Amino acid sequence: MILELDIGNSRIKWRTLAAQGQPAARGRGLRRDLPGEVSWGELLPAQGVRRMRVSNVAGPEVAAHLDRWARDALGIVPEYARATVCIAGVTSGYREPEKLGVDRWLALLAAWQELGRACVIVDAGTAVTVDVLDGSGTHQGGYIVPGLTLMLDALLSGTSGVRLSAGPVASLAAGHCTSDAVLHGCTAMTVALIERTRGGSELPFVLTGGDAELLAPWLAAPSLLRPELVLDGLGLALP
């Protein structure tokens, strides 16, 4: 059985794949709940795992903890995906391809594998990343901006009297109370950036990340929600 991990800035997603490559089980946790290596055993399954594929943007310390747990509990060495120049039909658009975030790279691979056409890939998590693939599978670059929660946190820390959290909004119209003004404004800013990447075209959006469902209703083009897009890319980067 293969165990796949998507270790993000604030959350960890995992799933196991059966012999036929179909997901057998899945789960998630918050990174702040994993201060050290001991907690990996509480989050992840161990029985029957013979291989581990990992996307990690949380840094080398988290990887070191995971390596020790995998060695001691499973007797295996995790395999970490890396951004490269070209693989699975996708060519990096970064001047230094290895510096593209591996989660963004894997999302590009998975989106291209599914659609095989030009599209916009949005990962709406702690940060919102927006990347464009052209019709030949070449990455046209992207944007990185604070996610909805980070934007709200900035307002909370820099102002007084604003107390709210990210959530669904019923409108993007100008708000008639402080909470609506903030939530509508932050959502509208994010939507405007995402829409801008289409440049007036009809490119489809592929959305993933914790806030994807909050943004999808406000996008003009059809949106494909793919909550496991990064995990889907692991099998392409590490076949």
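The structure is a predicted model, in which local features need pLDDT of at least 70 and side-chain atom pairs count only at pLDDT 80 or more, while totals for chains, interfaces and linings use all residues. Residues are numbered from 1 along each chain as its sequence is written, and side-chain values use heavy atoms, with hydrogens and water left out.

**View 1. The two domains of the protein.** The protein is divided into domain 1 (2-80) and domain 2 (117-226), with bounds that come from an automatic or database domain assignment. Taken over C-alpha atoms, the centres of domain 1 and domain 2 are separated by 28 Å.

**View 2. The open sheet β3-β2-β1-β4-β5.** In this view, 5 strands form an open sheet in the order β3-β2-β1-β4-β5, with mixed pairing; strands (E, at least two residues) and helices (H or I, at least four residues) are DSSP runs numbered from the N terminus, and two strands pair if DSSP finds at least two bridges between them. The edges are held by β3 (23-30) and β5 (79-80), each of which has a single partner strand, so one side of each is left without a neighbour in the sheet. Helix α7 (residues 229-237) packs on the sheet and touches β1, β2 (11-17) and β4, its direction making about 130 degrees with that of β1. Such a contact means heavy atoms within 4.5 Å, and the angle, which can run from 0 to 180 degrees, is taken between N-to-C directions of axes, which are lines fitted to C-alpha atoms, for helices over the stretch in contact.

**View 3. Strand β4 and its partners.** Strand β1 (residues 2-7) and strand β4 (residues 51-56) run parallel and are joined by 6 bridges. Within β4, M52 stands opposite L3, and R53 is the bridge partner of E4. The pairing of β4 with β5 is also in the parallel sense, over 2 bridges, and here V54 stands opposite Y80 in β5. Of the 6 residues of β4, 5 are buried, so the strand is largely enclosed by the rest of the structure; buried means under 20% relative accessible area, exposed over 50%, and partly exposed in between, with a 1.4 Å probe and protein chains only.

**View 4. The open sheet β10-β9-β8-β11-β12.** Here 5 strands form an open sheet in the order β10-β9-β8-β11-β12, and the pairing is mixed. Its edge strands are β10 (139-146) and β12 (223-225), each of which pairs on one side only. Neighbouring strands of this sheet are turned by 20 degrees against each other on average, direction ignored. The helix α3 packs on the sheet, where it touches β8, β9, β10, β11 and β12, and its direction makes about 135 degrees with that of β8.

View 5. Strand β8 (residues 119-124) runs parallel to strand β11 (residues 205-208), and 4 bridges join them. By contrast, β8 and β9 pair in the antiparallel sense over 6 bridges, forming a hairpin with 2 residues between them, and V130 in β9 is the bridge partner of V122. Strand β9 is joined in turn to β10 by 6 bridges, the two running antiparallel, with Y143 in β10 as the bridge partner of V130. In the hairpin of β9 and β10, which has 5 residues between the strands, G137 takes a positive phi near 85 degrees. Of the 7 residues of β9, 6 are buried, so this strand is largely enclosed by the rest of the structure.

View 6. P97 lies in the loop between β7 (90-91) and α3 (102-115), and at 14% relative accessibility it counts as buried. Not counting residues up to four places away in sequence, P97 touches A83, T84, V85 and S92. The C-alpha atoms of P97 and T84 are separated by 5.6 Å, although these residues are 13 residues apart along the chain. A88 has its place in the loop between β6 (86-87) and β7, where it has a positive phi of about 55 degrees although it is not a glycine. With a relative accessible area of 32%, A88 is partly exposed.
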